[in-house]
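Trainee: Could you walk me through this structure by letting me ask things as I go?
Mentor: Gladly, ask away.

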There are 2 protein chains.
Amino acid sequence: MKVRVLSARTIAGLLDFGEAIDYVERGYVALFEGRVQTPPIQHLENPDVHGEIDVKSAVMRGSTPYVTVKAACGFYDNPARGLPTGSAMVLLLDGSTGFPLALMDGWLLTSWRTGAAAGVATNLLARADARILGLVGCGEIAAMAARAVARVRPLERVAVWAPPADLDLCRRFAATTGADLGIEVVIAASVADAVHQADVVVTATPSREALVMLDMVRPGTHITAIGADGPGKQELDARLTAGSRLFVDMVSQCRVAGELQHPLREGLMTEADVHAEIGAVLAGAATGRESADEITVFDSTGTAAQDIGLAALAFERALKMDAGSEVDLA
Amino acid sequence: MKVRVLSARTIAGLLDFGEAIDYVERGYVALFEGRVQTPPIQHLENPDVHGEIDVKSAVMRGSTPYVTVKAACGFYDNPARGLPTGSAMVLLLDGSTGFPLALMDGWLLTSWRTGAAAGVATNLLARADARILGLVGCGEIAAMAARAVARVRPLERVAVWAPPADLDLCRRFAATTGADLGIEVVIAASVADAVHQADVVVTATPSREALVMLDMVRPGTHITAIGADGPGKQELDARLTAGSRLFVDMVSQCRVAGELQHPLREGLMTEADVHAEIGAVLAGAATGRESADEITVFDSTGTAAQDIGLAALAFERALKMDAGSEVDLA
């Protein structure tokens, strides 16, 4: 019983956003087709050290079925000890035998699967002539999303906004992302500035109030909203969410944890007004953008289908390249 | 971020029943003291291949806190492909940082932690002069339990009973166990024969009806009942369970999944008649056996505290002996 061990460094060398987008798309389609099962998250705590662990498991059925078990940790006393707060591990099992296939660092996989969602949605829903990306947020997810979006549209410019307190971080982000993508990355003076000049917007902040207001957004813009992934979290004006053609990753999750929760609560729309789950569009069972002028919003709360997708990609690439180490568990 | 990988073979060479009993005792005490948290099991299925996966997680707080995430698989199409049905993996995390410590084969750990429970209970509750072990069942758990009991009482004889269909298996069991323990292992003609001659009884079958009846048991006997670990499962006569001094691993679990469910349902006792959780006895907060004549029963349904105990033992022993392989996940 051989298990492949993939470190963060190994995974970084294996992943590619073109493939990541492809695997996340497959995950969304499987989710739409009912081939993904995700039981409720197990939440564990060690209050002695302000630590918490979320265990997320999923099975994806299909021609190459997989099972993932992810343990995502946040230990808030770690920084005082010189250690990072967050860490994550993913155990990948063969979905046809139950046997283990791989143990992987899960931190990078999670960033990639989250960023890749913006690539999937932009590819599917943005206008073909989109060239300017507006970013609200300058963290790791924003960096991943910029790279994913750049894979699906020939970007000419990125305008990034972050709160004034993060200005130094934002400058480093602009320099790194500009160098990586080989395009101009400008720091926007305001959210409105970043959004108004953009054809494609990605929001990726921990905000709990609307940052992107309806009147900031030009007709024809596509927005991928990533930050809202829990009750109370919000980045988009509820009127914007309600007034756009709205796509979601999972209705059941978005109505309690995504942007969708706010217009529903305010009575601005009902669940029937959600245009489609993104997997339905990818599977050809629902339309995407219907005019060049409409605003499209993708409400991305994050799904186990993406986790399985990226874990499968890393594993399959590692097998092909014989990367990582292989250990025998028998 | 170094992770130790422990194969089944490595673990087999590391474990020792004396230590396993010690670590399971610590687990029971932690459970009693409220230092173990176990969220509900995640149950996943891949019906395409008759596969199911149970994900069990737990955190144990204390001076050396640990987190375990166990994926236990049963894939019922495996035998037709020449593969074993069951497999299990355990991921051990450092409960003070969330960082991964080890990936281990979980199958052997589970057998050991289950068998060790019989050692803990026998040590605590059997008469000091107990010399004869009666076993009902001849599977892997019975084998482990026999070894654990042999560590806490100087056994002179084991009498094992199994259903007639398992006679060949039972003969092999008797030969192997006899050789391992260096004592006589006889095959009993009936459950009554195995139980009546015994000072200590362990039941470890998948039975769904009472096998050990009240009138088979001599005064002063201690019984550890392991098989009943789910609704409807039963090995002991409900009158026996109700009429003994009853110890349990977890009341909340035993009342729905253990022997306790049956006398409760039949109105033969109430939960208040349970003498104590075994952790309370180990912690000195409750009495154990109170007379040489009484019958004691330990209703063992299996707890995450035992899983953490055995995983911690395997990891700590591996560190000390530098056993297994170490891989870097950074």
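Trainee: How many of the five residues of strand β1 (residues 2-6) of chain A are buried?
Mentor: Keep in mind that this is a predicted model. A residue counts as buried if 20 or more other C-beta atoms lie within 10 Å of its own. By that rule β1(A) is mostly covered, and the number of buried residues is four.

Trainee: Which residue of β18(A) stands opposite R4(A)?
Mentor: β1(A) pairs in the antiparallel sense with strand β18 (residues 325-328) of chain A, over four bridges. Within that pairing, the residue of β18(A) opposite R4(A) is E326(A).

Trainee: And which residue of β7(A) stands opposite V5(A)?
Mentor: β1(A) also pairs with strand β7 (residues 100-105) of chain A, in the parallel sense and over three bridges. There, the residue facing V5(A) is L103(A).

Trainee: Which strands stand at the edges of the open sheet of eight strands in chain A?
Mentor: The sheet has parallel pairing and the order β10-β9-β8-β11-β13-β17-β15-β16. An edge strand has a single partner, so one of its sides is left without a neighbour in the sheet. In chain A that describes β10 (184-187) and β16 (276-277).

Trainee: What is the bridge partner of V201(A) in β13(A)?
Mentor: Strand β11 (residues 200-203) and strand β13 (residues 222-225) of chain A run parallel and are joined by four bridges. In β13(A), V201(A) has as its bridge partner I223(A).

Trainee: What angle does the direction of α3(A) make with that of β13(A)?
Mentor: α3(A) packs on the sheet, where it touches β11, β13, β15 (245-248) and β17 (296-299) of chain A. Its direction and that of β13(A) make an angle of about 160°.

Trainee: How many residues of the contact of α2(A) with α3(A) are nonpolar?
Mentor: On the α2(A) side, the contact is made by F17(A), A20(A), I21(A), V24(A), E25(A) and Y28(A). Those from α3(A) include W112(A), R113(A) and N123(A). Two residues of the contact are polar and two are charged, while the nonpolar ones number nine.

Trainee: Is G288(A) buried or partly exposed?
Mentor: G288(A) is in the loop between α10 (278-282) and β17 of chain A. Leaving out residues up to four places away in sequence, G288(A) touches L124(A), L125(A) and V281(A). With 19 C-beta neighbours inside 10 Å, G288(A) counts as partly exposed.

Trainee: How far apart in space are the C-alpha atoms of G288(A) and A126(A)?
Mentor: In sequence, G288(A) and A126(A) are 162 residues apart. In space, C-alpha to C-alpha, their separation is 9.4 Å.

Trainee: What radius of gyration does chain A have?
Mentor: Chain A has 330 residues, of which 59% count as buried. Its C-alpha trace spans about 60 × 45 × 40 Å along the principal axes. A compact globule with 330 residues would have a radius of gyration near 20 Å, and chain A agrees with that at 19 Å.

Trainee: How many residues of the side of chain B that touches chain A are charged?
Mentor: The contact takes 44 residues from chain B and 44 residues from chain A. Elements that each supply at least two residues of the chain B side include α1 (8-14), β4 (51-60) and β5 (66-75). That side divides into 24 nonpolar and 14 polar residues, with the charged ones numbering six.

Trainee: Which residues of chain A is G98(B) in contact with?
Mentor: G98(B) lies in the loop between β6 and β7 of chain B. G98(B) is buried, with 27 other C-beta atoms within 10 Å. Leaving aside neighbours within four places in sequence, its contacts comprise L93(B) and, from chain A, G51(A), I53(A), C73(A), F75(A) and S87(A).

Trainee: Which residue in β17(B) stands opposite F247(B)?
Mentor: Strand β15 (residues 245-248) and strand β17 (residues 296-299) of chain B pair in the parallel sense over four bridges. In β17(B), the residue opposite F247(B) is F298(B).

Methods: Residues are numbered from 1 along each chain as its sequence is written. Chains are lettered from A and ligands numbered from 1 in the order in which they are written. This is a predicted model: local features need pLDDT of at least 70, side-chain atom pairs count only at pLDDT 80 or more; totals for chains, interfaces and linings use all residues. Two residues are in contact if their C-beta atoms, placed from the backbone, lie within 7 Å. Ala, Val, Leu, Ile, Met, Phe, Trp, Tyr, Cys and Pro count as nonpolar, Asp, Glu, Lys and Arg as charged, and the others, Gly among them, as polar. Two strands pair if DSSP finds at least two bridges between them. The radius of gyration is taken over C-alpha atoms; the globule rule is 2.2 Å times the number of residues to the power 0.38. A residue is buried if 20 or more other C-beta atoms lie within 10 Å of its own, exposed if 12 or fewer, and partly exposed in between; C-beta atoms are placed from the backbone. Axes are lines fitted to C-alpha atoms, for helices over the stretch in contact, and angles run from 0 to 180 degrees between N-to-C directions.
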